[in-house]
Amino acid sequence: MTENQDEKLARMLRSRRIEPASHDLAARIILQAQSLPQLENTSLWHSVRQLFAEFHLPKPGYVLAGALILGMLLGFSTAPENGQLSDLGSTTAQSYIAGDEGFL
Amino acid sequence: MPVAWPDKEDNELLALVRDGSHPAFGALVERHEDRYYRLAFRYLQNRAAAEDIVQDAFLKLWENPGRWEPDKNSKFTTWFYRVVVNLCLDWQKRKRPLALNEEMPLIDDRESADQMIVRREEQRMLEQAIAALPERQRTAINLCFSEDLSNQDAADAMGVHLKALQSLIMRAKTTLKERMKNML
């Protein structure tokens, strides 16, 4: 009895009445699309995703790249303070080389 | 109406649509509008409303074809079922429920007058019972008993696991059987 109920319900669900669509529904949609511009997806997130879609790096690669970028940013941000130190370093190297030349 | 570009897969047509191809969009619409119309009609029981939903769904696709991402989403047709279902649910939330048409056309013209009356009453009760189901159960019934959608595709379209879908269907059928016990 229960099985019959199930079968009948399934049959009714499969044979639900569907009023046919207008014959020109597809034509109307196509026609309306012709007057609609497509949206340009220019969001920052979309651009970033597109950029990363071009490059397929393994996960450690992203970590390394991230560390390098962070290092460069930190390096550049502290560059003016180290300017004198760099000059000092080059002077020291020059005097060392000069010392070597003198010794030789 | 002959369907254009029968040799092209949906994802190939979508790639052309992304480049602004109207013929490719037309081919997609002609290929699929009927199945989505049928789904929308199952929800709304109103031809004009169902046509509006289908039109809206396809025009949104035209405006922003990048919404479907072939790598991320499942099949285009499954994803688009979800789009149409969401539009139907939004529509139902915004609008007053439509009264079911008392003059439903009948499926089989060869039926006797008595059979036609019984059938009409069955259909009316079934639609009322489905309309009264909770949203997810109604969606499961509408998707699973549509023409060519497997349970797995229906589960994908709803964004649930297969077992969850089966549970929704079972609960929906139990409720429907209870509400229609005089007819079954």
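Reader: In which helix of chain B does Y43(B) lie?

Author: Y43(B) belongs to helix α2 of chain B. Helices (H or I, at least four residues) and strands (E, at least two) are DSSP runs, numbered from the N terminus. The model is predicted: local features need pLDDT of at least 70, side-chain atom pairs count only at pLDDT 80 or more, and totals for chains, interfaces and linings use all residues. Residues are numbered from 1 along each chain as its sequence is written, while chains are lettered from A and ligands numbered from 1 in the order in which they are written.

Reader: Why is Y43(B) called buried?

Author: A residue is buried if 20 or more other C-beta atoms lie within 10 Å of its own, exposed if 12 or fewer, and partly exposed in between, with C-beta atoms placed from the backbone. Y43(B) has 22 other C-beta atoms within 10 Å, and therefore is buried.

Reader: Which residues does Y43(B) touch, not counting residues up to four places away in sequence?

Author: Y43(B) touches C88(B), Q92(B) and N142(B) on that basis; two residues are in contact if their C-beta atoms, placed from the backbone, lie within 7 Å.

Reader: What is the phi of Q45(B)?

Author: Phi of Q45(B) is near 55 degrees, a positive value in a residue other than glycine. Most residues other than glycine have a negative phi. Q45(B) is found in the loop between α2 and α3 of chain B. It has 23 C-beta neighbours inside 10 Å, so Q45(B) counts as buried.

Reader: What makes the buried residues of α1(B) line one face of the helix?

Author: In helix α1 (residues 10-18) of chain B, the buried residues are L13(B), L14(B) and V17(B). Seen down the axis of α1(B), they fall within an arc of 100 degrees, so they line one face; the arc is that of the directions from the helix axis to the C-beta atoms. An α-helix has 3.6 residues a turn, so residues three or four places apart point the same way. Among what covers the buried residues of α1(B) are α2, α3 and α4 (76-94) of chain B. After α1(B) comes G20(B), whose phi is positive, near 90 degrees.

Reader: Which residues are buried in helix α7 (residues 151-158) of chain B?

Author: They are A154(B), A155(B), D156(B), A157(B) and M158(B). The buried residues of α7(B) pack against α4, α6 (135-144) and α8 of chain B. Just after α7(B), G159(B) has a positive phi of about 70 degrees.

Reader: Which residues of the largest nonpolar core touch the most other members?

Author: A nonpolar core is a set of buried Ala, Val, Leu, Ile, Met, Phe, Trp, Tyr and Cys residues joined through C-beta atoms within 7 Å. The largest one has 50 residues, and A40(B), V54(B), V84(B), A140(B) and A154(B) touch the most other members. Its largest share, 12 residues, comes from α2(B). Leaving aside neighbours within four places in sequence, A154(B) is in contact with A140(B), L143(B), C144(B), L149(B) and L165(B).

Reader: How many residues does the contact take from chain B and from chain A?

Author: Chain B gives 35 residues and chain A gives 25 residues. On the chain B side, α2 (22-44), α3 (47-63), α5 (113-131) and α8 (162-179) each supply at least two residues. The largest share of that side, 11 residues, comes from α2(B). By class, the side of chain B that touches chain A has 17 nonpolar, seven polar and 11 charged residues; Ala, Val, Leu, Ile, Met, Phe, Trp, Tyr, Cys and Pro count as nonpolar, Asp, Glu, Lys and Arg as charged, and the others, Gly among them, as polar.

Reader: How many helices and strands are there in chain B?

Author: Chain B has eight helices and zero strands, and 32% of its 184 residues count as buried. Chain A has five helices and zero strands, and buried residues make up 7% of its 104 residues.

Reader: Where in chain B is confidence lowest, and where is it highest?

Author: Confidence is lowest in α5(B), at a mean of 85, and highest in α3(B), at 96; pLDDT is the predictor's confidence in each residue, from 0 to 100. Chain B averages a pLDDT of 86, and 86% of the residues score at least 70. For the complex, the predictor gives an ipTM of 0.82 and a pTM of 0.70.
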